[in-house]
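Thanks for coming, everyone. Please bring up the model on your screens, and we'll walk through a few of its features.

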Amino acid sequence: MRLPLVFMFSGQGSQYHQMGRELYDRHPRFRLWMEHCDEIAAPLIGGSLCDVLYREGDKGQPFDRLLHTSPALVAFEFSLARVLIEAGAKPDYLLGYSLGELAAAIVGEALTIEQGIGFAVEYARLVEAESPSATMLAVVGVPDIETHYADLLAGCWVTARNFDRHLVVTGPVEAVAPLREALARDGVVHQTLAVKYGFHTGMHSTLEAPFMALADKLDFAPLRTPMVSCVDGRVYRGDRDPRDWMRRMWTTFRQPVEFGATVRSLLDEGDFHFLDVGPSGTLATFVKYLLPADSASTFGDAINSFGRDERTYRSALQQIGVNDAAGAAYASGGASYSAGRASR
């Protein structure tokens, strides 16, 4: 029996330079959708998003300027979702993690891709102009961090709880530095995310009014696919008042991400196949650690940061029992990025 399919969209920090490059070079439909997004974004950011994403350089090259990473993540996740749907992988639920909720809203047809990319760019400009610098630190293995490192959390926030042993601490750069030093001293695994601003913290409280002014320009339509919120774990359907979206979007960007609690609440309703539609596969990893040992639910990623995009993408489709007819031209359609744009 086919399990209900959950598309999961990751947020800031999951992006990297060259993400999806092999798929872009070899999958005609993915390339077409990425270039469609590129045409939307180009006049807004003053250049080609694909040029920024796929120009010379490897995956280790810094890719953390918000003006580029926000629309790039939205474009990437939208394009990947489109080719999965075209192949026959129709989601039953959409789950967005932070910025990923914007991508989920687009795939659920509450927003157009033009609106979504436009909003991502405008909010990125606002944050770059008005927000102080911050550090977002992923910490593994200290679930009681508020107790264990209480004296080092002054001025910081726990901004995401992903599973019992994985959370994110965010704060001003100078406030997070002592905590990072203590974690290194104690041998605690931690990683600084490629995000320079204090999302999901009080550092962004002053952005509420301009955020709402930007959101007021959006024309939300009823959802065509139910969405699961990582703020409160609720399932939102098409019968919701579109006017609720503005407040909900602000809450998504301002409040902590409760990914672990959200997945657990879904599992209370039954079993699912959780498919990570972000570029790094991190959400699939989180689900792996959230599933009980006797769970019939499954998980997978469509792309990850380890490369071999085509093989990973095909495996994701095979795992849910569909074949990618639209991408059958892989072998012969392998024009490289530098060879020019694909025709439609």
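Start with a definition. A cavity here is a set of points, on a 1 Å grid over the protein atoms alone, where a 1.4 Å probe fits but cannot get out. Its volume is the space filled by probe spheres set on the points.

Now the ground rules. This is a predicted model, so local features need pLDDT of at least 70 and side-chain atom pairs pLDDT 80 or more, while totals for chains, interfaces and linings use all residues. Residues count from 1 along each chain as its sequence is written, and side-chain values use heavy atoms, without hydrogens or water.

Back to the holes. The whole structure has two cavities of 30 Å³ or more. Which residues line the second largest cavity? They are G96, S98, E101, C230, V231, T252, Q255, P256 and V257; lining means an atom within 4 Å of a point.

Next, the sheet. Six strands (DSSP E runs of at least two residues) form an open sheet in the order β8-β7-β2-β1-β9-β10, with mixed pairing. Pairing takes at least two DSSP bridges. The edge strands are β8 and β10. Strands β1 and β9 run parallel, over four bridges. There, M8 has D276 in β9 as its bridge partner.

Last, T135, in strand β3. Buried or exposed? T135 is buried, at 7% relative accessible area; the cut-off is under 20%, with a 1.4 Å probe and protein chains only. Its contacts (heavy atoms within 4.5 Å) beyond four places in sequence include V169, P172 and R180.

Conventions: Buried < 20%, exposed > 50% of the residue type's maximum accessible area, 1.4 Å probe, protein only. 1 Å grid on protein atoms, 1.4 Å probe; cavity = no way out; pocket = protein on both sides within 12 Å on 5 of 7 lines; lining within 4 Å.
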